[in-house]
Amino acid sequence: MSPPLFTIESSTSGQEKATVNLLPCRIYHDGDVSASDAMWNPTKTQDGSKTAYLRGRKLHGKALKLPDGYRGMVVEQTEAKPDTSSNQELADEDVQVIENPEDQLKVGAMKGKAAFDELVVWGHESTSDSTVDPYVRGMEEWIAFAGEIHSSNPDSESPSR
């Protein structure tokens, strides 16, 4: 078995629960922010949507639950742990492994910071819907579609060729 190219280190016990917000803007900051209620204070409306103001602009949000069997994680890039197994252990008996440092693939590593089970998609002056917003469409249509494609339901009829 080949070594992984990407790893995610996750500890479910110490993770906090996060609220993920997809905003219709680009923010050139990638660190922690100590946001106050004066800067970001979303309110829930009577119809279940959310309203907030960001720099004087009114935003309307739609909360999307993750489907059953999915979980969301907020991750942070970390240094990859060195691989303790040698390539010779991973190779077949008939394969000769030539270790060249230039041919080594770099392993990406992420560490789980928080978990979430819903995300809020925000739009300018109107609530995002699946006809316009790719995030809403992905949650409402494509995940269910992918589940149907990859399921092996013996009761369903398969088209004959």
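Predicted model: local features only at pLDDT ≥ 70, side-chain atom pairs only at ≥ 80, totals over all residues.
1. **Overall layout.** The protein has two helices and nine strands. Read from the N terminus, the order is β-β-β-β-β-β-β-α-β-β-α. Of the 161 residues, 17% count as buried. If we take contacts between residues at least 6 apart in sequence, 78% of them join residues at least 24 apart.

2. **The nonpolar core.** The largest nonpolar core is made up of eight residues: Val20, Leu64, Leu66, Phe116, Leu119, Val121, Val136 and Met139. In soluble globular proteins, nonpolar side chains tend to be buried together.

3. **Met139 up close.** Met139 is one of the core residues. Leaving aside residues up to four places away in sequence, Met139 touches Leu64, Lys65, Leu66 and Pro67. Leu64 and Leu66 from that list also belong to the core.

4. **The aromatic pair.** How many aromatic pairs does the count come to? There is one aromatic pair. Trp40 and Trp122 form it in an edge-to-face arrangement, with 5.2 Å centre to centre and 75 degrees between the planes. The two residues sit 82 residues apart, so to speak bridging distant parts of the chain: Trp40 lies in the loop between β3 (20-22) and β4 (43-44), and Trp122 is in strand β9 (residues 118-124). Trp122 counts as buried because its relative accessibility is 3%, under the 20% cut-off.

5. His60 is found in strand β6 (residues 57-65). Is His60 buried or exposed? His60 is buried, because its relative accessible area of 16% falls under 20%. Not counting residues up to four places away in sequence, the contacts of His60 are Lys50, Thr51, Val121, Trp122, Gly123, Glu125, Ser126 and Thr127. Among them are Trp122, a member of the aromatic pair, and Val121, a member of the core.

6. **The largest pocket.** Do have a look at the largest pocket, whose volume is about 1500 Å³. Its lining has 30 residues, and Thr19, Asn21, Gly31, Asp32 and Val33 lie nearest the centre. Strands β2 (16-17), β3, β5 (50-54), β7 (72-78), β8 (108-116) and β9 each supply at least two lining residues. By class, the lining of this pocket has 17 nonpolar, four polar and nine charged residues.

Methods. Residues numbered from 1 in each chain as written. Heavy atoms only, no water. Helix = DSSP H or I, 4+ residues; strand = E, 2+ residues; numbered from the N terminus. Buried < 20%, exposed > 50% of the residue type's maximum accessible area, 1.4 Å probe, protein only. Contact = heavy atoms within 4.5 Å. Phe/Tyr/Trp six-rings, centres within 6.5 Å; stacked < 30°, edge-to-face > 60°. Core = buried A, V, L, I, M, F, W, Y, C linked by side-chain atoms within 4.5 Å. 1 Å grid on protein atoms, 1.4 Å probe; cavity = no way out; pocket = protein on both sides within 12 Å on 5 of 7 lines; lining within 4 Å. Points joined across faces, edges and corners; volume = space filled by probe spheres on them. Nonpolar A, V, L, I, M, F, W, Y, C, P; charged D, E, K, R; others polar.
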